[in-house]
Amino acid sequence: MISSQFLHSRKVVCFIYILAMFMASLDGTIVYVALPTIGEDLGVSSADLSGVTVWYLVGVAAILPIAGWLGDRFGSKKIFLSALSLFTIASIICGLVQTVGLLNIARFIQGLGGGMLAPIGMAMIFRTFSVEERPKVSRSLVLPIAIAPALGPVVGGLILEILSWQWIFFINVPIGVIAIVIGMFYLTEQQVESVGKMDWKGFVLIVIGYPLLMFSLTQGSSRGWTSIEILSSAICGLLLVSAFILHAINKEKPIMDVKLLSESTFRKVSILSFFAVGGLQSLLFIFPIMYQQAVGATALESGIVVFIEAIGLMLASRIIPISLKKLGVYRVILFGFLGACICFIIMSIVGPFANPWVLRILLFTIGLTLGHSVIAMQYTTFTNITSENMSKATTLFNVQNRLGAAIGISMIASLLIVLQDGAESIMNPIPYQISIFVAALFLAISFILTFKNRHIIKRSDKQSNRDTIKGEKAG
């Protein structure tokens, strides 16, 4: 039996944080391999189910800017457990609904809950441990949380082999309940005495405008781009998002400080990241559909192949210090984009016909090369951001990455729907090949922009090295 001393210790904070983040991270990727099965059961194409992924990302992006404020204002324990409850209840709804529209709504609610867990949970960790203890604690927490997205497709494939697709959502329920019960009894409330005023106007503009815009992007191909509901959603969404940008520029303390984009390094590297995330997530969306529908693989086989990409990403995280020392940040980013783009193009040519080991090697290489680019960009993005603006900058960076993923998936899904409408069957490989090639264009744009902005990236790299040397001397 677990002793009360253990449960009352600081380890319980780490345990609940890992449990919650593992669940939320797993849920972001577990649906990829299940889309063909869900589509068959609900009577729609896999491409029509892009919203199942996109709306989760929309929910996360919508809530991220105010998650920290909610935790400070109402108490981190209260909001963290509320987020866990919301995520768990939404998981039950996801498994019970029988229409695509209701599934998308439930996934959006899931995203709202999941989006609050990371910033509030990390704040709880940082308030529980001292400054000296935080690096060690952070390193200990990285692996179990980082491996969850990689395991998602494999776990999803296993569930579909044994149970129905509903269980890819029901699996969250026991995990969520355990975390909630332990948290209720053993977490302590942490609340900030004085927090700034909430930018409710900015929040309303973005939380309504962004979903409306994404609705038009995800549903335009199936409902018709000229239909009243799509046009009205697109126009209203654009107007509200534009109003939010103007509001954020003119307000002293907006919900998202878009004025930080005036710093050239942060802005330009953020754009690189936007396209990189859009390209990668588009491939992870389209590949399992192609592998199951055009090749005839099972969901489990599809999940295992996708898992190889994550192994490449994890290897990149281990050898990146050596790569940076040998090549420098600029070359690591540039060659990473180039290598991944070439792999995308090769896959668009041979994907539906290739030996499984060829696909595994391609996906592993994509994880390795693109992983280098993504990690190297993190060394550069925040070089010129002051410490007082760091929290705002990381929030903005994370939100725009979710936007990149959502927009990339929406565009690829819409393209696939259009191409499949003109094809004889879903087994026709050409629509998938074209879609993957278009995903490669995202990385091609990142490669071109990296080369164009090479002077800024090199200058930021030198600045970062000087700051590191100063820090070592000061230490």
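**Figure 1. Aromatic pairs in the predicted model.** A search of the whole structure, which is a predicted model, finds 7 aromatic pairs. In one of them, the ring centres of phenylalanine 274 and phenylalanine 275 lie 5.4 Å apart with the ring planes at 85°, so this pair is classed as edge-to-face. In another, phenylalanine 287 and tyrosine 291 have ring centres 5.3 Å apart and planes at 20°, so the arrangement counts as stacked. Ring pairs also join Phe274 and Phe275 with Phe442 in a cluster.

Figure 2. Phenylalanine 287 and tyrosine 291 are about one helical turn from each other, because they stand 4 residues apart in helix 12. Phenylalanine 287 has a relative accessible area of 1% and is therefore buried, and tyrosine 291, with a relative accessibility of 6%, is likewise counted as buried. Helix 12 itself spans residues 264-293, and this helix returns in the next view as a contributor to the lining of a pocket.

**Figure 3. The second largest pocket and its lining.** The space in the second largest pocket amounts to about 630 Å³. The pocket is lined by 25 residues, of which Val241, Ile245, Leu261, Gln400 and Leu403 are the closest to its centre. At least two lining residues come from each of helix 10 (200-223), helix 11 (228-250), helix 12 (264-293) and helix 15 (390-421), and helix 12 gives the most, with 6 residues. Sorted by class, the lining of this pocket comprises 22 nonpolar, 2 polar and 1 charged residues.

**Figure 4. Arginine side chains placed over aromatic rings.** In one part of this view, the charged end of arginine 360 sits over the ring of tryptophan 357, at 4.6 Å from the centre of that ring. In the other part, arginine 454 lies over the face of phenylalanine 451, and the distance to the ring centre is 4.3 Å.

Figure 5. Lysine 77 is placed in helix 5, which covers residues 76-96. With a relative accessible area of 17%, lysine 77 falls under the 20% limit and is therefore classed as buried. When residues up to four places away in sequence are not counted, lysine 77 touches Gly183, Met184, Leu187, Thr188 and Glu189.

Figure 6. Leaving aside neighbours within four places in sequence, isoleucine 375 is in contact with Ala316, Ser317 and Ile320. Isoleucine 333 is 42 residues from isoleucine 375 in sequence, while the C-alpha to C-alpha distance between these two residues is 8.6 Å.

**Figure 7. The chain as the setting for the close-up views.** The chain contains 17 helices and 0 strands, and 53% of its 475 residues count as buried. Among the contacts in the chain that have a separation of 6 or more, 83% are between residues 24 or more positions apart.

Note on methods:
Residues are numbered from 1 along each chain as its sequence is written. This is a predicted model: local features need pLDDT of at least 70, side-chain atom pairs count only at pLDDT 80 or more; totals for chains, interfaces and linings use all residues. Side-chain values use heavy atoms; hydrogens and water are left out. Buried means under 20% relative accessible area, exposed over 50%, partly exposed in between (1.4 Å probe, protein chains only). Contact means heavy atoms within 4.5 Å. On a 1 Å grid over the protein atoms alone, a cavity is a set of points where a 1.4 Å probe fits but cannot get out, and a pocket is an open set with protein on both sides within 12 Å along at least five of seven lines; lining residues have an atom within 4 Å of a point. Grid points are joined across faces, edges and corners, and a volume is the space filled by probe spheres set on the points. Ala, Val, Leu, Ile, Met, Phe, Trp, Tyr, Cys and Pro count as nonpolar, Asp, Glu, Lys and Arg as charged, and the others, Gly among them, as polar. Rings of Phe, Tyr and Trp (its six-membered ring) pair if their centres lie within 6.5 Å; planes under 30 degrees apart count as stacked, over 60 as edge-to-face and the rest as tilted. A charge sits over a ring if NZ of Lys or CZ of Arg is within 6 Å of the ring centre and within 35 degrees of the ring normal.
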